[in-house]
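Reader: Could you take me slowly through one part of this structure, the place where the two chains meet?

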Amino acid sequence: MDIGPKILLALLEGTVGASVLALTALGLSLVFGVMRIINIAHGELVMLGAILAWAIVQYIGGGALIGFLAALLVAPLIVGGFAIAADWLVLRRVGYDPERTIVATMGLLFLAQQTVLMTFGPDAKPVEPPLYFRINFPWFGYSGYKLIVVAAAILLIAATWFILSRTRMGLYMRATQMDSEIAQTFGVPVRQIYATVFALGAALAALAGVLVVPIQQAHYLMGADPLLLSFIVVIVGGLGNLRGTMLAATVIGIGEGMISVLLSPTLAKIVATLLVALVLIVRPGGLTREEPA
Amino acid sequence: MSNDTRGTSYAGTRTLINRRSVLIAAGASLASGFIPSALAQGAPIRIGLQAHLTGIGASYGHWYDKVSKAAVKTINDAGGIGGRPIELIVEDDATDAKRASEVIEKFATQHQVDFVFGPLFSHVAASSAARAGELKLPLLVASETSELAAGNFNRYVFQVGNTNVRSQVTAVSPWIVGNVGKKITMIVPDYVFGYEHRDVFTETAKKAGGEVSAVIAISPAETSFTKYFSQIPQGTEAIYHVMVGPGVLTFVRELGEYFSGKGPKLFGFIDSLEAVDIASPGLEFLEGSHLWEGFPRYAEGLPTEFAKNYRTAVGIDDNGADAANPGDISTASHMFGCWESLYAIKQGVEASGYKDNKDKAKFIEALEAVTSFDESDAYPQGTKTFIGKTHQSFGRQFISRVEGGKLTVVHTTKIEDSMYETTADYTSQPF
């Protein structure tokens, strides 16, 4: 293949990767920013979204579109509910202590993974894309659904942005992020905000899962990949810094696509990981932050 | 606070004692009920199944477990091994090489089994084989690794059901070059299993007049594949694909999307589609392409009485899916290895007069003396030539065409097609 089509393919793959990554990392970054905890189970929330999408489509039947729309509504609700329960049953009990929550969320990771393995089995579950068309370039064909994923991700990120910057709830979240104690003295219900943020982060992860399932299939081990990449994005973007997270997701997503197609996919992973090390050394606060955090 | 703690620990100890005494009582009552019936049939032969129940091989492990339990039931119902029932103990190795050697150790020391069988993924099987050799525990791998016949394992390891990668590829190469295409790009998993495919096919394709123009190795844990396809060189006539892992369906679908139905012809190993419904949405483009099978998934591909009995015992329907759950597609081309391994253990025990693990050497010599496992209810995949020196079976292979979302066998290789020269000789190794 010539270099022109190769770059086109790289850009397409990179954009799809970047948008899914941005959606997944957004939830992780939000949870870290507001609650100051690292959620190791974040990738499993993507996986739960994907598995639920499959289950809902199976249950409803009647056309790929209806089932998929139902999954887009129901899966984030269930996963958000799971997150609220986890917040109430686990995270609150360990006092949101950073170290203990790492271990606790690791427990949640295994719980989610093994429960899905025991109930849904080890096979990858395919879900038909709700709208399917193939774009036939002269050099290669490309799934049109992947471009729908990009549009949906941009829409969801914009909606999250709107909630954070234009609603009272968003104001509370930002206040809690800046200083939870002072926010509480000003009457911000910090506990409820924690639960809401954890649920919102989980719902975003679940939505990412629902969106990717027609591309990737649902599988109980699929959470590992999004977790690793989201961590890379969140670290490079500056922990808890949403604008930085979006920038990092775009750079890393498109960069990975480019290196994968033009050179080799393994090299892309190596470069992404090296980038983290580099950012941690040169700009410990993340790409967009001036001062070290 | 400190009082509280003491109180809790006291309560904890009390429950423990209670639990322990209950357990002892339960154990005693169980044993008293169990011993007479066991004596009537002779003490059980303990056999360990090392299965990939979790991890990237879990789709296989699920079926290895099922087939093994069916075989044990069939053997026990027919009187067991030399009058002794089989007691099957299943351990999960998480498709992980490190865990595999721990599982072998657990079988040897804790479960004290007589024999172990079952590891499939070649890097896992290699790890199990090494540990089994050290612990002198007979191990029948249900793998496809060529390392055994190459002499890289030890005298305690056998492969009786599944033919290895080198012989599969040797058997089907001339057909691929003759019928699919001469300029070939290979897509293989990025570990020893994929490298075996690469090395053997590059050599055998050349012999048959073809040429491998590129090899693309992809990690079995990969989830997105389109980015690799730009490496397929122009002018490729055929793509030889063999992927494993949870992403196989995505892999095949993206391959179809990428070429939009006008690309090179495809020849795949069924590994790329094991446990996957051929009629899945997005796989329509596979129509007319060819796949290697080790054991035909669809009943009409191998319409023998033996295969029929095997399917009934395992509980798979004519489409190779779980008879009780048609959405659960089997790993037909691999899992028969578990069935045949158990029957080979039976054959070895009965021929050698094996009583307990002091007779290990006699068991191994008895298996080494076998020259052929004959097609029967015990060996439903077909007759195999067995080479005692290399501990490896050679059987027939199947090439199937995708027709109407199903697989139809179009060519069956002869056993001789899959044989190749080896110099290994395990029989000269001391026990």
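Author: Contact here means heavy atoms within 4.5 Å, and on that rule the meeting of the two chains takes 29 residues from chain B and 36 residues from chain A. This is a predicted model, in which local features need pLDDT of at least 70 and side-chain atom pairs count only at pLDDT 80 or more, while totals for chains, interfaces and linings use all residues. Residues are numbered from 1 along each chain as its sequence is written, chains are lettered from A in the order in which they are written, and side-chain values use heavy atoms, with hydrogens and water left out.

The buried area (the accessible area, with a 1.4 Å probe, that two parts lose on being put together, summed over both) is about 2,600 Å² between chain B and chain A, and carbon and sulfur atoms give 49% of it. On the side of chain B, the residues that lose the most area to chain A are B:Lys227, B:Glu257 and B:Tyr258, together 22% of what that side buries.

One salt bridge (a side-chain nitrogen of Lys or Arg within 4 Å of a carboxyl oxygen of Asp or Glu) is counted between chain B and chain A; B:Glu254 forms it with A:Lys146, and their closest N and O atoms are 3.6 Å apart. As for secondary structure, where helices are DSSP runs of H or I with at least four residues, numbered from the N terminus, α2 (58-77), α7 (226-229) and α8 (248-259) of chain B each supply at least two residues of the side that touches chain A. The largest share of that side, seven residues, comes from α8(B).
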